[in-house]
Every structure is written in structure tokens, then in C-alpha cells.
Amino acid sequence: MILTLAGGVGAARMLAGLMQVVPHDRLSAVVNVGDDLELHGLRICPDLDTITYTLAGAINPETGWGLVDETWQARTMLEQYGGISWFGLGDRDLGTHLYRTQRLREGADLTTVTAEIARAWGLSIRLLPVTEDALRTRVTLAADDPAGPDSPGLSAGTEISFQEYFVQRHHSVPVSAVRFAGAEEARPAAGVLEAIDAATTVVIAPSNPLVSIAPVLAVPGVRDAVIARREETIAVSPIIAGTALKGPADRLLRELGHEPSVVGIARLHRDLAATLVIDEADADSAAAVEAEGMRCVVAPTIMSTPERAAALARVVIGERP
Ligand code: FO1
């Protein structure tokens with residue numbers, strides 16, 4: 001069993017690569033729920049949905065989130081009413097949130113509903129939300145943020161939800177702190193610790209270490225379970241030549257006192273993973289990564305095509321070309 005610790009887009013591509021080289025029933029992922037939100041009375045799980053839609057071949061290729069062939073009639077109506085429309089929910093995507101919310105109200109747990117949604121998309125990979133409990137990533141602003149067309153002005157020191165930072169403010173405002181509300185009381189969802197224990201390889205996807213992987217590890221028991229598998233754990237750097245391919249990982253690293261480089265990633269992951277995969281563009285840093293106590297593998301890590309994703313997956317599972 002190959003178990004991947006997963007955020008959104010980078011993890012989805014990593015899993016799509018793994019699906020090409022590993023039988024699907026040997027793949028599982030423990031997925032971040034810190035980005036989740038309740039909006040319009042609906043439970044929205046962006047990372048779970050990004051992974052599901054990507055693996056089903058139904059992701060919107062332009063955005064990396066939401067569904068392909070989407071229409072936006074409901075959003076247009078929300079705009080007409082002056083409702084909340086900054087978080088874009090397409091008409092097809094809304095069907096997922098309606099189904100999930102109704103099933104949760106009926107008493108089903110998120111793990112079960114996630115499996116039902118994955119099965120309906122024809123997927124046999126096991127997607128596990130890290131916890132059933134409310135765990136929400138919260139971000140403190142380091143500077144005043146003036147009002148925008150869709151967002152009220154906020155002063156430095158204000159704490160906002162992850163999606164208010166990421167989507168409403170386009171992750172453009174500097175951040176002084178990140179915390180995972182509810183993490184201390186959260187319990188790992190059924191099967192999470194067992195999946196980590198039973199994995200032949202644990203993969204830390206090329207997801208943002210501070211807001212995608214950290215909330216997964218913040219659920220009591222998960223970090224220790226991964227540390228216990230350190231020898232079999234391999235991380236892929238989301239930072240290439242000092243920048244993130246997508247999202248604010250490089251800026252967040254700097255703002256929160258970490259080095260935005262593969263060496264900074266090694267420092268964050270070295271207690272968890274024995275091996276770090278870095279991109280060829282960072283080959284010169286391999287010795288510095290090893291000096292942090294990790295084995296370093298240099299490989300092409302940009303998963304811009306299915307072939308490249310499969311090639312990276314082969315590296316991750318230890319098949320050398
Ligand atoms: N990201 C955006 O940049 N703008 C959006 O309007 C937006 C809507 C959205 C709706 C459903 C969903 O599952 C994801 C959505 N995302 C959107 C992406 C998402 O919020 C972030 O990329 C992740 O949370 C970061 O991993």
C-alpha cells in the first residue's frame with residue numbers, strides 16, 4: 001500500500017501519477033480538511049474534491065479546482081441577490097456539496113461520504129479525510145488589508161479563515177501566523193493511523209508544508225505515526241528554484257520564518273521523511289539537503305503532463321529509470 005499525505009492540486013497530480021504505475025486498490029491518501037468551509041449551508045471540502053475531480057479526469061484544467069464543462073448560473077443568481085459569490089461554486093460542483101451536506105445531515109460520516117463520491121466517479125483509490133472533527137486553518141494578517149470589491153478592509157493582527165485569505169484576498173496579504181483551530185481536540189478519522197502503519201511507502205505530496213501538510217500532521221497521533229515510518233517516507237519538494245509552481249507556499253515560508261528553498265523544505269520534513277525528492281533545477285542544493293539529514297533524490301518534479309507525473313511516481317516508489 002502506498003499512502004500519500006495530501007493537500008490539493010500538487011497532491012492530486014502526484015496521485016494521478018501514482019495511479020498510472022500502482023494498482024489503484026494499493027493506493028490511499030490522507031487528505032487535509034483545514035481548507036474546508038461551510039457556505040450557503042453547505043459543507044465544502046476543496047482538497048478532497050480537487051483530488052477526486054483530478055483523478056476522475058474531470059478537473060477544470062485552467063483553474064486546477066472545480067469541474068470541467070462547468071456553468072455558473074447559481075453564482076450569477078447569488079450576485080444578483082448580493083449574496084456571497086467570491087467563493088466560486090459552479091452548478092455541477094454544487095451537486096457534490098449538496099450531496100455531501102445531505103449525507104452528513106443524515107448521520108453519515110465524512111469518510112463514508114467521501115468514499116461514496118469517489119466511487120460514483122469510478123475511483124477505487126481510498127481517500128481518507130484526516131479527521132471527522134472540525135479542524136479549520138486560520139490565518140493572521142501581518143499588515144492592514146484595504147477593502148476590495150469583494151472583501152471588507154481588515155487591520156493587521158486580524159485572524160481570518162483560510163479561504164478568506166486564499167480566495168477572497170487572493171493570498172496577496174502578508175501573514176504573521178497560521179493555526180489549526182480544533183486540531184488539539186481532533187481525532188484521526190477511522191483508518192488513518194492504520195493506513196500509515198500499514199503502508200510500504202508513505203509519500204508526502206508536493207503540497208504546501210505550512211497550510212496543507214501541517215494541518216494533517218496537527219491531528220494528534222498522525223505526526224507520530226509518520227515519524228514511526230520515517231525510513232519508508234519520501235517527500236517531494238513543492239518548492240522549485242525558490243518558488244512554488246502554484247499558490248503562496250514560497251511567500252508563506254518566508255513570512256513565517258522559513259527558507260523558501262529545498263533546504264527549507266528539508267528542515268520542515270526531515271523528522272518525518274528519510275528522503276526528499278528535489279527538482280533538477282535544484283541539483284546544486286542536493287548536498288545541502290543531505291547535510292540536513294535526508295537522502296536527496298534529484299528528478300524532474302514538474303508534473304505538467306501525465307507522462308511526467310508517472311515518471312515522478314516511479315521515482316517516488318523507488319523504481320529507477
Ligand atoms: N479557488 C479560487 O482561487 N477561487 C475560487 O473561487 C475557488 C472556489 C472553489 C470552489 C470549490 C473548490 O473545491 C475549490 C475552490 N477553489 C477556489 C480552490 C481552493 O479553495 C484552493 O485552491 C484550495 O483550498 C487550496 O488548496
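This is a predicted model: local features need pLDDT of at least 70, side-chain atom pairs count only at pLDDT 80 or more; totals for chains, interfaces and linings use all residues.
Trainee: What area do domain 1 and domain 2 bury between them?

Mentor: The size of an interface is often given as the accessible area lost when the parts come together. For domain 1 and domain 2, carbon and sulfur atoms carry 62% of that area. The buried total is about 1,600 Å².

Trainee: Which side chains meet in a salt bridge at 2.9 Å, N to O?

Mentor: Between domain 1 and domain 2 there are six residue pairs in polar contact, both residues at pLDDT 80 or more. The salt-bridge rule finds one across this interface. At 2.9 Å, N to O, a pair falls within the 4 Å cut-off for a salt bridge. The side chains are those of R136 and E38.

Trainee: Is D36 buried or exposed?

Mentor: D36 sits in the loop between strand 2 (27–31) and strand 3 (37–39). Beyond its neighbours within four places in sequence, D36 is in contact with R43, I44, C45, P46 and R136. Its relative accessible area is 4%, and the cut-off is under 20%, so D36 is buried.

Trainee: What covers the buried residues of helix 5?

Mentor: Helix 5 spans residues 110–120, and its buried residues are L110, T111, V113, T114, E116, I117 and A118. Just after helix 5, G122 takes a positive phi of about 85 degrees. The cover over the buried residues includes strand 4 (42–44), helix 2 (46–55), helix 4 (91–105) and strand 5 (126–129).

Trainee: Which residue in strand 10 stands opposite V203?

Mentor: Strand 9 (residues 201–204) is covered on both faces, with T201 and V203 buried on one side and V202 and I204 on the other. Strand 1 (residues 2–6) runs parallel to strand 9 and is joined to it by four bridges, with L3 and V202 as bridge partners. Strand 10 (residues 233–236) is also parallel to strand 9, through three bridges. The residue opposite V203 is I234.

How values were computed:
Residues are numbered from 1 along each chain as its sequence is written. Side-chain values use heavy atoms; hydrogens and water are left out. Helices (H or I, at least four residues) and strands (E, at least two) are DSSP runs, numbered from the N terminus. Buried means under 20% relative accessible area, exposed over 50%, partly exposed in between (1.4 Å probe, protein chains only). Contact means heavy atoms within 4.5 Å. Two strands pair if DSSP finds at least two bridges between them. Buried area is the accessible area (1.4 Å probe) that two parts lose on being put together, summed over both. A polar contact is a pair of N or O atoms within 3.5 Å; within protein, one must be able to donate a hydrogen and the other to accept it, and residues adjacent in sequence count only if both atoms are side-chain atoms.
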